Amino acid sequence: MTIQMGLPFPQDAAQAGMQESRALAAKHSRRNTFRTWDPPREDMSRVPREWQIEPGLTQPVPDDLAPFVEWFHNQPEARERFRWALRDSLDELLDGRRTGRWAYQHLTKTEKTYLGTAVEVNLTKEFDIDNGADLDWSIAGLDIDCKFSKDLGGWEIPMEMYLCAAHGDRGGHANHVAVLTWMNDDTSEWAAGIVRITDERLRWKQTRDASGELVRAYNRDNKRKIDHSTKSDVYWLWGGLQKDLPTNLLLHLEPETRKRILGASRPGRASSGQQRVNQLFLEVPDRLIGRQTVLTVAQQDDSPKRARDARIHLRQRGIVVLGHQGSHPHIARALELPVPIKGEWISTRLVPVSSDDARPKFSLDGQFWARVREDELHLEPVPAPDLPDKREIDGQNRSGVDVTS
């Protein structure tokens, strides 16, 4: 029998299993510790005067860009899908469940450079875009590339995207088209434009010697930014500036409100994920709250359960937390609230009302309920009803809910 020399074999096989267990690492892990972040001190995005664009633009479509413009316009709900792909790309990098971050400015320098890649990857998946022959994308059978910049006008173009005799073998095989993407989470703005890249449309600079000769303005990676004058050659999808990047709720809350949510705790005790989520629904009623916000506030593996359990904790305060299942969407409509879809919740405080109360209402087991008015907020809360959660309803039936009022 040959004995192979190496690491000593542990005497207890069970001990070996424990040594390989994630539990040992978790005992000392800092990755899942609750963290708080200071509000950003600088803006996410710069918008140079030369690159300011307006909403509601009407532009003729250049013939050479028409196949790409038509392709985007023919995609079902393209604009909605595009803006959510931008939102999700930033949220993936923020990774609020593990890091507690809620602003672009909290990212490291390395992570910020990856945002453009995340945008391209998510748009590729969202629209099922094929690979190009020379570039990353093929749309309508033609090569096209996706470029992202957090600064409007800051897109950097590599040599392979355009024709230039000075580049030799490093140059492109054609003047290719680029999709220019931009978003500013601070202002909830975004834009997407299409332009054909040429040598003339990129930045040039004057030499510092007496000749003052114009030369190409490369950066360290031999990329060049698009010249300010090129703005007039960009065709902006969906009419130019868009002002509805899906809202980053935590970023846009009042600082004191956000502080109360993230610091919610019992006297003398550190806050728990459940307490923070409870406070979130207390502080932000009548607004849709998405999964990303709940993950960031709770910072736990089972964060969505904290949202469901908030219903139990807040009932005594007259507050219901509506989700996407069972009677909840019907009740949201009856109360004229935004209707949650999967991964969304909305809270509201209820008061019992009479059947002839004029405000939107619903009834459960013979009692009518409506949203509290501002002049009723000072009243002692009445415990909210225990809403049917998983049972189907249609008007008034065995669930006892009547949403036809």
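1. Helix α3 (residues 66-74) buries F68, V69, W71 and F72. Buried means under 20% relative accessible area and exposed over 50%, with partly exposed in between (1.4 Å probe, protein chains only). An α-helix has 3.6 residues a turn, so residues three or four places apart point the same way.

2. This is a predicted model, with local features needing pLDDT of at least 70 and side-chain atom pairs pLDDT 80 or more, while totals for chains, interfaces and linings use all residues. Residues are numbered from 1 along each chain as its sequence is written, and side-chain values use heavy atoms, leaving out hydrogens and water. Helices (H or I, at least four residues) and strands (E, at least two) are DSSP runs, numbered from the N terminus.

3. The sheet is open and has 5 strands, in the order β1-β2-β4-β5-β9, with mixed pairing. Two strands pair if DSSP finds at least two bridges between them. β1 (137-139) and β9 (235-236) stand at the edges with a single partner strand each, so one side of each has no neighbour in the sheet. β2 and β4 (residues 177-184) run parallel, joined by 6 bridges. S149 stands opposite W182 in β4.

4. The largest pocket holds about 780 Å³ of space. On a 1 Å grid over the protein atoms alone, a pocket is an open set of points with protein on both sides within 12 Å along at least five of seven lines; lining residues have an atom within 4 Å of a point. Volume is the space filled by probe spheres set on the points, which are joined across faces, edges and corners. The lining has 26 residues, with W84, D91, G290, R291 and Q292 nearest the centre. α4 gives the most, 6 residues. By class, the lining has 10 nonpolar, 7 polar and 9 charged residues.

5. The second largest pocket holds about 670 Å³. Its lining has 20 residues, and T113, F148, S149, G154 and E156 lie nearest its centre. Two or more residues come from each of α6 (109-127) and β2 (142-149). α6 has the largest share, 7 residues. By class, this lining has 5 nonpolar, 5 polar and 10 charged residues.

Terms used
1 Å grid on protein atoms, 1.4 Å probe; cavity = no way out; pocket = protein on both sides within 12 Å on 5 of 7 lines; lining within 4 Å. Nonpolar A, V, L, I, M, F, W, Y, C, P; charged D, E, K, R; others polar.
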